[in-house]
Amino acid sequence: MGGMSLIVRRITEIVCGFIFMYGLYIILHGHLTPGGGFAGGVIIAGSLILRVLAFGSGTESERMLSKRIPKLMSVGLLIFWGAAFTGLLMAGIFFLNAPIFGLGTPFHLLSAGLIPICNIGIGINVAAGLFSIFLAFAAVKYFMEE
Amino acid sequence: MIFLPLLIALPLFSAFVIPLLSKLWKPFAPVIGNITTFVLFIFSLYGIAAIQGFPMLVYKFGNWPPPIGIIFSFDAFSAFMVFVISIIVFSGALFATKYLNHYTGQWKFWTLYMLLTTGLMGISVTGDLFNMFVWIEISAIASYALVSFGIEAEELEASLKYMVMGEIAGMTLLLAIALIYAKTSTLNLADIALSFQTIQYSKFYWSILALLLFAFSVKAALVPFHFWLPDAHPAAPAPISSLLSGVFIKVLGVYTSARFIFNIFGLTRENAPFFFNILVGIGLLSIVYAGITALSQKDYKRLLGFSTISQVGYIMLGLGIGNFYGIAGAVLYILAHGISKALLFLTSGSVVYVTGERNIEKLGGLGESMPTTAWSFRFGALSLIGLPPLIGFFAKFLIALGAIKQGFLWLAIVAIGFSGVTLGYLLKIENNVYLKKNGVEAKEAPFLMRVAMVFLVILLLVLGIGYKPLMDFVIQPATDALLRGTEYINLILGGI
């Protein structure tokens, strides 16, 4: 499928990376500021969706990414699962917030125990999941037009 | 108590790790699937041993106490459900290992199978209302995908119908949860039960019960809401049909409604006879309508689907009778029907695997060429009809006994009489598929598939002959857990 006009593509090229980085910021500061894994993951998926909208589906980079979506989702979920399981290993309590960086100092990135790790897992999973939902809709539209 | 979180942590881990590693080594997915289900089976036996002498085990997630944090509340009824789930999941996984040769994308099947298992385990052990909803949705969504696994037109249509009905039930449940939360400001089941004691028998109380009963009746496919099941269960691959019919509708429909009626709402036959008569009515309607409809079916699996609706009616009937024998019969019926219907669906899978045909009029003479399948079918059918010493007999006997003790002699006569209808439709399969000479070429099913079927046959015999210990260690504690009523609250919240 064809993309959009030159202006849109050019702007997308400039803006896309910043949106992606903003998503990463939201995920990593999930335990300090508003937002977290889900919100950041949605923003990252938004930046990827923007690229597909501007450049059209079926590009090489999109195909590479869509092949890896199941694996990315598994990795995200396994990170979350591992964070929950750490508590079971350390104290015999599933989902215990193990104090690996100390439990919550305001304004410190490395604090709040396992919460940042949970946020990273959720972020990867949500980004991959939402992007795959968008790709599924795009593929249905593509087949309908064929 | 460490096995309690592992009941969900293990299958979740398998579900997440399968997409990563199954590309590297082809048989990884079936191997880890079988190992997981076997370990769950061991855990379920351990759970039954661990619950002896304790009314309730409470597992606090993240060490937060109950009304604040999320808990697993594991009593004898939960232990019983985990036992039933793990039996059927284990045999289904063994069967699926070979059966899936017909399909592509096997790792997707195993991931969904593990998620389905996680959801079922979660529903049976959770002590939190919203968590229960999440587990119901996880297992339901996994089952929608598994029903359409063959992606033929018929399977997709069945799956769509199933999904629409399932989500209507799911959203009704969500509405009920929202109303409960608005009224009681809590999502812990025991805390909700505590709040409900102050508003007992108000209009709000009964309307919440009606919403919940509607949602769970759709999930359990009781008769006015049953029409998705005869499409959905036959369309799935055979191990999934056996899982859906054997245990899925009972966990999502029967376990949840029993838990709510007895433990959360605190209803008994003494304080709400009208409500229990409704349950008896729904059960009777399912038994009669679906039993008679099953007689005219020509499709092997569709006939078994109608039979499932009819048999779930017996479970509702037992719960509706509401005295000790009736409830014990219903609980035992969950186990008996689960194993025998899973077995019957596995035999249908084995016939489909070998011949590729589901229409019973085009089959014939398989009794000689497939002896293991044929004899498995006969044992499953005899247990479903209720022939001693198989386990199905005791379940039906207890329900009839409960009906007589409650003064419903006619109910006992109808319940036992409809065994004749069960016999009728199962003989139809026996006659057309296994006895009649029709010259269908066939050879016996592969080894692992036969192992899965023989495992269930042995269970039917062993549990039937060992009825006394089964009753003492599993069924009676589970029945007591239900009859304990709202003492459930003190067992969970009392220790804090």
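These notebook entries record what I looked up in a predicted model with chains A and B.

**Conventions**

I number residues from 1 along each chain as its sequence is written, and I letter chains from A and number ligands from 1 in the order in which they are written. Because the model is predicted, local features need pLDDT of at least 70 and side-chain atom pairs count only at pLDDT 80 or more, while totals for chains, interfaces and linings use all residues; side-chain values use heavy atoms, with hydrogens and water left out.

**Entry 1: chain A as a whole**

I began with the secondary structure of chain A, which comes to four helices and zero strands. Helices (H or I, at least four residues) and strands (E, at least two) are DSSP runs, numbered from the N terminus. The order of elements from the N terminus is α-α-α-α. I noted that the C-alpha trace of chain A spans about 55 × 30 × 20 Å along its principal axes.

Chain A has 146 residues, of which 36% count as buried. Buried means under 20% relative accessible area, exposed over 50%, and partly exposed in between, with a 1.4 Å probe and protein chains only. For contacts in chain A with a separation of 6 or more, residues 24 or more positions apart account for 65%; a contact means heavy atoms within 4.5 Å.

I then looked up the accessible surface of chain A, which is about 8,400 Å², with 75% belonging to carbon and sulfur atoms. Accessible areas come from the Shrake-Rupley method with a 1.4 Å probe, and for residues only the protein chains shown count as cover.

Chain A carries 8 positive and 5 negative side chains, and the centres of the two sets lie 7 Å apart. Lys and Arg count as positive and Asp and Glu as negative, with His and the chain ends not counted. The place of a charge is taken as NZ of Lys, CZ of Arg, CG of Asp or CD of Glu.

**Entry 2: surface patches**

Which element gives the most to the nonpolar patch? I found that helix H1 (residues 6–28) of chain A does, with nine residues. The patch has about 1,000 Å² of accessible area together, and its members include A:Met4, A:Phe18, A:Phe20 and A:Leu53. A:Leu53 is found in helix H2 (residues 37–55) of chain A and is partly exposed at a relative accessible area of 43%.

Patches are made of residues with over 30% relative accessible area and no salt bridge; like charges are joined within 9 Å, and nonpolar side chains (Val, Leu, Ile, Met, Phe, Trp, Tyr) within 5 Å.

A patch of positive charge gathers A:Arg63, A:Lys67, A:Arg68, A:Lys71, B:Lys23 and B:Lys108. Helix H3 (residues 60–91) of chain A gives the most to the positive patch, with four residues. I checked A:Arg63 in helix H3 and found A:Arg63 partly exposed at 46% relative accessibility.

**Entry 3: backbone geometry**

I looked up the peptide bond from B:Pro388 to B:Pro389, which is cis with omega near 5 degrees. B:Pro389 is in the loop between helix H15 (371–385) and helix H16 (391–405) of chain B.

A:Phe95 is not a glycine, yet has a positive phi of about 65 degrees. A:Phe95 sits in the loop between H3 and helix H4 (115–145) of chain A and is partly exposed at 38%. In chain B, B:Asn63 also has a positive phi, near 65 degrees. B:Asn63 lies in the loop between strand S1 (57–60) and strand S2 (71–74), and is partly exposed at 47% relative accessibility.

**Entry 4: salt bridges**

I counted a salt bridge where a side-chain nitrogen of Lys or Arg is within 4 Å of a carboxyl oxygen of Asp or Glu. How many salt bridges are there over all chains? The count comes to nine.

B:Arg358 pairs with B:Glu154, the closest N and O atoms being 3.5 Å apart. This pair links distant parts of the chain, 204 residues apart: B:Arg358 is in the loop between helix H13 (324–355) and helix H14 (366–369), and B:Glu154 is in helix H6 (residues 153–184) of chain B. B:Glu154, B:Asp299 and B:Arg358 are linked in a network of salt bridges.

B:Asp472 and B:Lys468 meet in a salt bridge at 3.0 Å, N to O. The two are separated by about one helical turn because they are four residues apart in helix H19 (residues 467–483) of chain B. B:Asp472 is partly exposed at 34%, whereas B:Lys468 is exposed at 53%.
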